[in-house]
Amino acid sequence: MEVEKKRQEEEFMITEMMHIFCKKKHKHKDGLCSECEDLLNYAIGKTRKCPFMETKTFCSACKVHCYEAKRRMEIKEVMKFSGPRILLVHPIIAIKHMMVTFKEKRKKTEKKGELV
């Protein structure tokens, strides 16, 4: 059940970020344009098939990058644009995401320090 909850949270977050992006960048007022809808469906499909959902935090912190290179660039653009803006719409979720991202980056830095 915990895994399914994580999937739902991740799908909710990417859906919200995609709506913010499309509304501001593509001036799409109702729903998503076909380009954003396609990218959202791709991201949700990857989330639903993720074998690491039980142990991973977010896709950005995952050891395996399953997105195609083009799609990874597209989703990074959405995240970079929508990330700061989602703080106004869903502050608790956004802060939780920032905290987890910060912890993962710190873990990586600590591991690099041990190897030196």
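In this predicted model, Ile 75 touches Ile 14, Met 18, Leu 39, Ala 43 and Tyr 67, leaving out residues up to four places away in sequence; here, contact means heavy atoms within 4.5 Å. Buried stands for under 20% relative accessible area, exposed for over 50%, and partly exposed for what lies in between, with a 1.4 Å probe and protein chains only. Helices (H or I, at least four residues) and strands (E, at least two) are DSSP runs numbered from the N terminus.

Residues are numbered from 1 along each chain as its sequence is written. Local features need pLDDT of at least 70 and side-chain atom pairs count only at pLDDT 80 or more, while totals for chains, interfaces and linings use all residues; side-chain values rest on heavy atoms, without hydrogens and water.

Met 18 belongs to helix α1 and counts as buried because its relative accessibility is 0%. Beyond residues up to four places away in sequence, Met 18 touches Leu 32, Cys 36, Leu 39, Leu 40, Ile 75 and Val 78. Met 18 and Met 79, 61 residues apart in sequence, have C-alpha atoms 8.3 Å apart. By contrast, the C-alpha atoms of Pro 51 and Met 79 are separated by 22 Å, at 28 residues apart along the chain. Pro 51 sits in the loop between α2 and α3 and is exposed, with a relative accessible area of 66%.

Helix α1 also holds Glu 11, which counts as buried at 14% relative accessibility. The side chains of Glu 11 and Arg 48 are joined by a polar contact of 3.1 Å. A polar contact is a pair of N or O atoms within 3.5 Å; within protein, one must be able to donate a hydrogen and the other to accept it, and residues adjacent in sequence count only if both atoms are side-chain atoms. Setting aside neighbours within four places in sequence, Glu 11 is in contact with Ile 44, Thr 47 and Arg 48.

In α2, the buried residues are Cys 36, Leu 39, Leu 40, Tyr 42, Ala 43, Ile 44 and Thr 47, and they pack against α1 and α3. The 21 residues of α3 reach 29 Å from first C-alpha to last, close to the 30 Å expected at 1.5 Å a residue, where the expected span is 1.5 Å times one less than the number of residues. A kink of about 45° lies at Gly 83 in α3, shortly before Pro 84; the bend is the angle between axes fitted to the seven residues ending at a residue and the seven starting there.

Overall, the protein chain has four helices and zero strands. Of its 116 residues, 30% count as buried, and its C-alpha trace spans about 50 × 30 × 30 Å along the principal axes.
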